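Work through the exercises below with the structure in view. Each task is followed by a solution in steps.

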Amino acid sequence: MSIKGNVHTHIFTKDTIPGEIYFGRHELSKGAMKIVRWILSWVEKNGLPDDIEELISIAEKVLPLFGVDDEWKRLKQLVKMYYMSVPEILDLYEKKILPGAGIEEMCILIPNFPGDFTHSAVDIICAAAKGREAFKVFAPLAFVERDDVFGVKYYPALEGPPDAVTDEFKKAADLNKPVSSHQSPGGVRNAKFPVSLAKKYNQPGRWMDALERYPIRVCLDHVGGRNAFVSWLTDGMFRPGVNWSFDNMMRSYDGIEYPGKVYFDVAFHEKQTNSDYRKAIANLTGHWNNRGMFGNDEPLSDVQGSMKEASGWFRNVWGVDGVNSANDTYKEFLYGCK
Ligand SMILES: [Zn+2]
C-alpha cells in the first residue's frame, strides 16, 4: 500500500542550515550532543575528509568517551547527511529511501533561519530538486512567488506569529499554494524570542485571522505533539470544542464556515504502535476525519527510526482505509481539490 507523500521532511546540510542551530533539538541526549559538537569542531580544525566514511570511523574511535553506542547507529545517518551535497541527498531519497519506505514523494520544508542563510538554502534546494518529480519545496513566505517553490513553510517561533503578517498569506491564496506551519510547543526558536513567547507564537489560534480572510490550506504540523494528540483522543480530560485549541481549529476551520482550512501531520509522533496511540487513531471521528497526513520530520526523526520504520508504523496503525484517506487528504492539501 503506497503512501502518496511524506508531507514533512527537511534537508539539513552544512550548506543549508547554520551550524550552530543544527542538532539543537531536545530529542538528542547530552552525550549525543557532545559527540556532534566534537565532530563539528574536528572538521573545522582538520577539514572534511574526501570520504565521509573516514570521518565516521574517526568519530567512532572516540565514541566510548561519549557513551552514545545505541544512539550512534541513527545519529550516524544524520552526521553523514549533514556533510553530503544536496543533489547527493536527493539521489539517496529518490533511489533508495523513498522506494524503500513505499512513499512516492516528499515535501521539503525550509525553515526561515535568521540571517542570510535561508536565501542560499532556498536556491540550493530548489536547484537540486528541479525536474525531480518526487520533491516539492516549501520555502519561507518571502519566496512564495517563485515558480520553483511549491508551498510556504512558516515557523512562528523563528519569524513571529502568523497574525502579525496576516495579509501576506493572500499571496499564498492567490497562487493556490499550501502552507505548512510548525505547531508544537517545542522545536527551534529564534534567540530573540524567550521560550514562553515562542510557545505563544506556536499556538494554532494565531492562524485564525488568516484563515478567516483567505482560502488558504494550512497544515498544523505535529498536531501539538504526540502526548496532547493522544491524551485528547483517549482520556476524555478535554472538553471537545472548548479547551484544546487544536480541536477548536479543526472544528472551526474546515473550509466551510470560513474560507481557510486546516490539516495536520503526525511528524515526530513516536511510539505510534503503542496501544494508547492505536486507541487515539481508532477514536478519530467527525471533524478529525480526512484531515491527517503522513509526515516524519525526516531526517531529525532518524534518531528514533528510519523513514521506512515510520511509514511501517503509519500503515500498521492507520490501516488500509486510513492510508487511503491520508493519500486523498495529501492531494487535497497540495492542490486544493480531491
Ligand atoms: Zn520539522
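**Exercise 1. Find the residues through which α2 and α3 touch, then describe how the two helices cross.**

Step 1. On the α2 side the contact consists of Ile 52, Leu 55 and Ile 56, and on the α3 side of Lys 76, Val 79, Lys 80 and Tyr 83. Two residues are in contact if their C-beta atoms, placed from the backbone, lie within 7 Å. Helices (H or I, at least four residues) and strands (E, at least two) are DSSP runs, numbered from the N terminus.

Step 2. Sorted by class, the contact of α2 with α3 has five nonpolar, no polar and two charged residues. Here Ala, Val, Leu, Ile, Met, Phe, Trp, Tyr, Cys and Pro count as nonpolar, Asp, Glu, Lys and Arg as charged, and the others, Gly among them, as polar.

Step 3. Helix α2 covers residues 52-62 and helix α3 residues 69-83; their axes come within 10 Å and cross at roughly 140 degrees. Axes are lines fitted to C-alpha atoms, for helices over the stretch in contact, and angles run from 0 to 180 degrees between N-to-C directions.

Step 4. α2 and α3 are therefore oblique to each other. The classes are roughly parallel under 35 degrees, roughly antiparallel over 145, roughly perpendicular from 65 to 115, and oblique for the rest.

Step 5. The crossing of α2 and α3 is right-handed. A crossing is left-handed if the near helix is turned anticlockwise from the far one by less than a right angle, and right-handed if clockwise.

A note on the source: this is a predicted model, in which local features need pLDDT of at least 70 and side-chain atom pairs count only at pLDDT 80 or more, while totals for chains, interfaces and linings use all residues. Residues are numbered from 1 along each chain as its sequence is written.

**Exercise 2. Describe the packing of α4 against α5.**

Step 1. Helix α4 (residues 86-101) packs on helix α5 (residues 117-129) at an angle of about 45 degrees, and the axes are 9 Å apart. α4 and α5 are therefore oblique to each other.

Step 2. Their crossing is right-handed. Val 86, Pro 87 and Leu 90 of α4 make the contact with Ile 124, Ile 125, Ala 128 and Ala 129 of α5.

Step 3. This contact of α4 with α5 has seven nonpolar, no polar and no charged residues.

**Exercise 3. Locate two backbone features in loops.**

Step 1. Glu 298 and Pro 299 are joined by a cis peptide bond, with omega about 0 degrees. Pro 299 is in the loop between β8 and α13 (307-335).

Step 2. Lys 271, although not a glycine, has a positive phi of about 55 degrees. Lys 271 lies in the loop between β7 (261-265) and α12.
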